[in-house]
Amino acid sequence: MSERRNRQSDQPAPPVRPLVRALLLSFGVLVVALFFLIGILSVTRDTPVNSVRTLDGGRLPSLTDSLFQRTMQMYTGLGLHEGNIVEPLANGNGTYPIFWADLRSARRTLTAQFYFSQPGAVADTLSAILIERRRAGVRVLLLLDAFGSRPLKGDWVEHLRDAGVEVAWLRPLHWYTLHKADERSHVRAIIVDGRVGYTGGFGLADYWLGDGRHENQWREANVRVQGPAVARLQAAFAEGWAEATGQLLVGDDFFPPTAFEPVGAVRAGVLHTAPTVGSTSAERFLALTIVGSRKRLFISNAYFVPGDEFSRLLVDAAGRGVDVRVLTAGPRTDVKTTRYASRYRYEQLLTGGVRIFEYQPTNIHAKTIVADGVWSAIGSMNFDNRSLAFNNELMLTSLDSVVGARMDSVFMADLPFAHEIRLVEFRRRAWRERLLEWGANLVWRVL
């Protein structure tokens, strides 16, 4: 009997270790899957606003209503200030000559932030001016997005630094910053002595040269501003500089007291948006602008990919009698996938009364809105989910009939160079086009 007990005690123990390993492996797979799901949901998030209403169901404030202006400031941080001069600028021919002249006039400070840059004549001209101004005693700060301006890394930047120009890279890409890699600063902000400012869609690449009517001469919209709005432009630059360097810049050299004095008659402000979870100021700006329009709404945008909610807002505006027209990219666009995703929405928009025009001569890169001939915006913000949910963006806005009339005339001058999409014609497009549109729409949130 004791012999039987001894034989039983010699039996091997249950395989505990393989079971533990299997449980740990299952747990590890579950954690990886969970983080993968969180990552996918994070980089494909949308913005939630789908309507704009009053509590009592009454009439929404129009663009010229003081309530609209107060609402816009409360919901987006956009404050309008009297006393500005706002000059819309078209294309390279209408921008760079006056831009270079302003940079050369800097006496104390010159701050510049760009998103996209490539080596070439434009980048070399900027470099020469910045170095010359630094040698003349001007404090020169250059902020470049680490993704969009990466082609300039190397000798171009080192040459500037050797001359005393302070160069900083915004949001450099590392393995430990991959969770933020999708959130870029798309901002353009250039300020001379705190008194003259520029923004728009332009950058440092040679295809921004020219008249916007010929191939490889991009159609662009920029703006030059003087007056109190320049200080807000400078503050937008300061936010990016603080993120990149840890230095929060203040003082009279950065914000000279004279910069806050009125120099013109335009009421203007700066919309500076930032990514966040949930509703964003960029989304609220667009929604309030659309529902506030009463007569006409002209949108020029390189990457026009509205989601279901904004498509409905545009159709609703057309339904209440607003002349809604969209000028967007044609076949010469630099991002084909975005164009296909845009065209996926065309039938819904055309059926709802929105008129759509595709620019033909070259790539259109403009980002502008003009509503009712009085409310205007020019800057970097595209009409897509990337700009609304993921990017820092900047728009110079104005409430002024003279600027609005100028913007209306620029929009109308572009239409003879565009092809209007007709619903009957569009419905006859090839099945291959439909398939590409359907596929591109699957990834519209990340375009």
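Buried here means under 20% relative accessible area, exposed means over 50%, and partly exposed is whatever falls in between, with a 1.4 Å probe and protein chains only. The model is a predicted one, so local features need pLDDT of at least 70 and side-chain atom pairs count only at pLDDT 80 or more, while totals for chains, interfaces and linings use all residues. Residues are numbered from 1 along each chain as its sequence is written, and side-chain values use heavy atoms, with hydrogens and water left out.

Salt bridges come up first. Taking one to be a side-chain nitrogen of Lys or Arg within 4 Å of a carboxyl oxygen of Asp or Glu, a search of the whole structure turns up 27. Helices (H or I, at least four residues) and strands (E, at least two) are DSSP runs, numbered from the N terminus.

Arg 296 pairs up with Asp 408, with 3.1 Å between the closest N and O atoms. Asp 408 counts as buried, at 10% relative accessibility.

Helix α13 (residues 401–414) also holds Asp 414, whose salt bridge goes to Arg 219, the closest N and O atoms being 3.0 Å apart. Arg 219 is in the loop between β6 and β7, and the two residues are 195 residues apart. Asp 414 is buried at 2% relative accessibility, and Arg 219 is buried too, at 4%.

Glu 215 forms a salt bridge with Arg 332, and here the closest N and O atoms are 3.3 Å apart. This pair links distant parts of the chain, 117 residues apart: Glu 215 is in the loop between β6 (196–200) and β7 (221–226), and Arg 332 in the loop between β10 (323–329) and α10 (336–343). Arg 332 is partly exposed, with a relative accessible area of 40%.

Then there is Asn 392, placed in the loop between α12 (385–390) and β14 (393–399). Asn 392 is buried, at 9% relative accessible area. Its side chain makes a polar contact of 2.7 Å with that of Arg 171; such a contact is a pair of N or O atoms within 3.5 Å, where, within protein, one must be able to donate a hydrogen and the other to accept it, and residues adjacent in sequence count only if both atoms are side-chain atoms. Beyond its neighbours within four places in sequence, Asn 392 is in contact (heavy atoms within 4.5 Å) with residues including Arg 184, His 186, His 272 and Pro 275.
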